[in-house]
Amino acid sequence: MKRFNSVAASAWVRLGVSTGGLALAALGAGLKPAFAQITTLPSNPNINFQTSAPGRCANVGDWYTTNGSSTSFTTPGATQVNTAPPLCSPTDPNVTSTSNPPANRLHRFLISITPEDLAASGGSVTIRVEDAGTGGLLDEVDGSLPPFGPIPPVYDPTRFRLLGPTGAIIETQTLTPQTNPADIGRTIQFAPITQPGVYTVTSETGEYAIAGYDGPFNPTLNNDDNGFRIVVNGVPDLLIGQYQGTFQNNVPGSPTLNFFFLVGPGTSNVFIRNFDLDSSTAGTSLTGPGGENSTISYSSPTTAIIPGTTSGNAFWNNSGNLNTGGDSLAVAGLANAGRWGIQLNGYGTFSNQSLLEANNGTQPDPQQRLPVLDRPPTRAGNFVITPPTERQTQIGQTICHPFSVINFFFTTDIINLSTAGTDPNYTVEFRDADGTTVLTDTDGDGAVDTGILAALGGTRNLNLCVTPRPGAPPIDNTTIVGISFMDQRIRQQAVSEGIPGAVATPQPQTVLKITRIGEGGGTGAANLLLVKRITNITRGGTVLPGVNFGEVINDPAAANDDDPGWAQIPLTGIIALPITNPVQSGDEVTYTVYFLSNGTTPALDVSICDLIPGGTTFIPNSLQLQNGNASPVSVGTFFTPLAPLPNNNSCPIQTNPNGAAIVNLGTVSNAAGSNFGFIRFRVRVN
């Protein structure tokens, strides 16, 4: 099954390089590739993830979400004392309301989505949770099934949320299989993601957890272990990790399991913890060290083996309790930034559930957790450089183009900066936000850089200052090129170790700065908005039934379709094709990219590049352009997959993996009545 998604192209509007002026790249959302290109968590078939309900005990291996150490406890803000079932030992060092507040009692999974990921998947990425409801095939324990509970069985509710890069809730899906049998083991899907950043999926099981740990406690609706799998279609090597969750051994014997976490530049110490790492003959005591047959070790970019300590049944390692215990490891300088490893040898019995937790710093800290990955990453980093600008100056006078570098990644990072395309008679220089302090090379690689940017939104405002010299042509197109330190380091490690799929060349981010020589200087104010929609799907020559392609939809996740100038041309077309009405091989899909010039000056030398989505093939002679209310005409050029793209093109991925449609619009007026139009083309589902 394949699914289409279409988005406003705001995230993909960028200034490309075009002879003499402005060029914009529109990556709308298109057909997602076939499900053969996916990323899953867990990716290792020998392990499973699950979330335990609050009626379960910590000795099942889940400290974060299970029952408190006392059978009666009051949650701060609750309206009554809540009585939990007498399932846990009084000595169980478990979750109490004071040491583990409700906001912390859930599992979290981080998904890093880069601009390249969005481009590779056709402009949007969709996250699914397989077997999200209790009672499914991935569940190990449905606590209310015989012999644990009554007949007929009672299934716990579950709740999954998608959080945006700022932590705001984008979508909540709650499954209630007890009252809605269709929710038993049901797979859910979140709305398409169209903007780069690090997104979070949270998992909760049990009526009490979903109620915010308030109100009466029903034992039969709070005692399941809900197993599930997170799946992202269209991108085969996304970075997905959990920074508060469990893992479970799914194979007999005592296997060796490998996990990984990333350490950013500027980190001085990490604190690694494990919980309930009991092995096949150990860890049965709540007071003993446990894990006698298991060993754990760590690795850094410079050290192959760093011994660690193991935990016992319902205990943290290194004599830990609720908020202490773990292995404190020094990070010695920039050479040790990059991928670290965790290796478990002789781990546990079949169906043993445990925790691994990585923290920045010298102690456990929910605000400093690092995602734990179950496969070695082949890339890293997630940042943007924005915005494109156009400035005007005179011979011999310096004009500075402001720009910002934003680090979306879940570790710190350094972005190395360079330029491309500068005319020999122009000089360029990177300066700080003050426009005078020249940037330096802080990581010793020979390129000036941003310095260390904080994780999850760290931003530095900078300037590219440009000076035309005598003999300079009237226009200069200089592209700022940014490379992530973390991306370089992780790729180097992966290539040196021969990890399949590893590529040494990092993925740059770029932004164009156009400088014009004119009278009196000043700044340009051209602007172009792009919105992309799916405007038709045919099967066997007939329009796909059940879909209104003439509908005008405002995308709540994008701002590009909000401008009042769109009243001149209805933005017809769908944003997403329902999962219940998927496309099939041979279907023909029509994409329309609408454009609107809404600046204070005309947009000059506009060029639009749209990459053909994976899993589809461009239909020859289908590329058309409509300016204003004129009739559509055949125009533009299609470049077959992997064919070299022309110089100064605006395509964000220069390798052209699945083909590219490029349309040069020239000057687009900013005057109402002639400042809008669209390009349109068709693809066939493979």
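Which residue in β30 is the bridge partner of D432? The legends below answer this question and present further views.

This is a predicted model, in which local features need pLDDT of at least 70 and side-chain atom pairs count only at pLDDT 80 or more, while totals for chains, interfaces and linings use all residues. Residues are numbered from 1 along each chain as its sequence is written, and side-chain values use heavy atoms, with hydrogens and water left out.

**View 1. An open sheet is formed by four strands.** The strand order is β24-β26-β30-β28, and the pairing is antiparallel. Strands here are DSSP runs of E with at least two residues, numbered from the N terminus, and two strands pair if DSSP finds at least two bridges between them. Strands of a sheet pair through backbone hydrogen bonds, either parallel or antiparallel. β24 (383–386) and β28 (426–432) are the edge strands, each with a single partner strand, so one side of each has no neighbour in the sheet. On average, neighbouring strands of this sheet are turned by 25° against each other, direction ignored; the axes behind this angle are lines fitted to C-alpha atoms, and angles run from 0 to 180 degrees between N-to-C directions. Seven bridges join β28 and β30 (residues 458–468) in the antiparallel sense. In β30, L462 is the bridge partner of D432.

**View 2. E130 and R229 form a salt bridge.** A salt bridge is a side-chain nitrogen of Lys or Arg within 4 Å of a carboxyl oxygen of Asp or Glu, and the structure holds 19 of them. In this pair, the closest N and O atoms are 2.8 Å apart. E130 belongs to β8 (residues 127–130) and R229 to β13 (residues 225–233), so the pair ties together parts that are 99 residues apart in sequence. E130 is buried, with a relative accessible area of 19%, whereas R229 is partly exposed at 28%. Buried means under 20% relative accessible area, exposed over 50%, and partly exposed in between (1.4 Å probe, protein chains only).

**View 3. E357 forms salt bridges with R273 and with R369.** The N to O distance is 3.6 Å for R273 and E357. R273 lies in β17 (residues 269–275) and E357 in β22 (residues 353–360), so this pair ties together parts that are 84 residues apart in sequence. For E357 and R369, the N to O distance is 3.4 Å. R369 lies in β23 (residues 369–370), twelve residues from E357. E357 is buried at 1% relative accessibility, R369 is buried at 10%, and R273 is buried as well.

**View 4. The largest cavity has a volume of about 60 Å³.** A cavity is a set of points on a 1 Å grid over the protein atoms alone where a 1.4 Å probe fits but cannot get out, and lining residues have an atom within 4 Å of a point. Grid points are joined across faces, edges and corners, and a volume is the space filled by probe spheres set on the points. The structure holds five cavities of 30 Å³ or more. Among the residues lining the largest cavity are T39, L239 and R375. β3 gives the most to this lining, with three residues.

**View 5. The second largest cavity holds about 40 Å³ of space.** Its lining includes S112, D117, D237 and R379. D117, D237 and R379 are also linked in a network of salt bridges.

Methods:
On a 1 Å grid over the protein atoms alone, a cavity is a set of points where a 1.4 Å probe fits but cannot get out, and a pocket is an open set with protein on both sides within 12 Å along at least five of seven lines; lining residues have an atom within 4 Å of a point.
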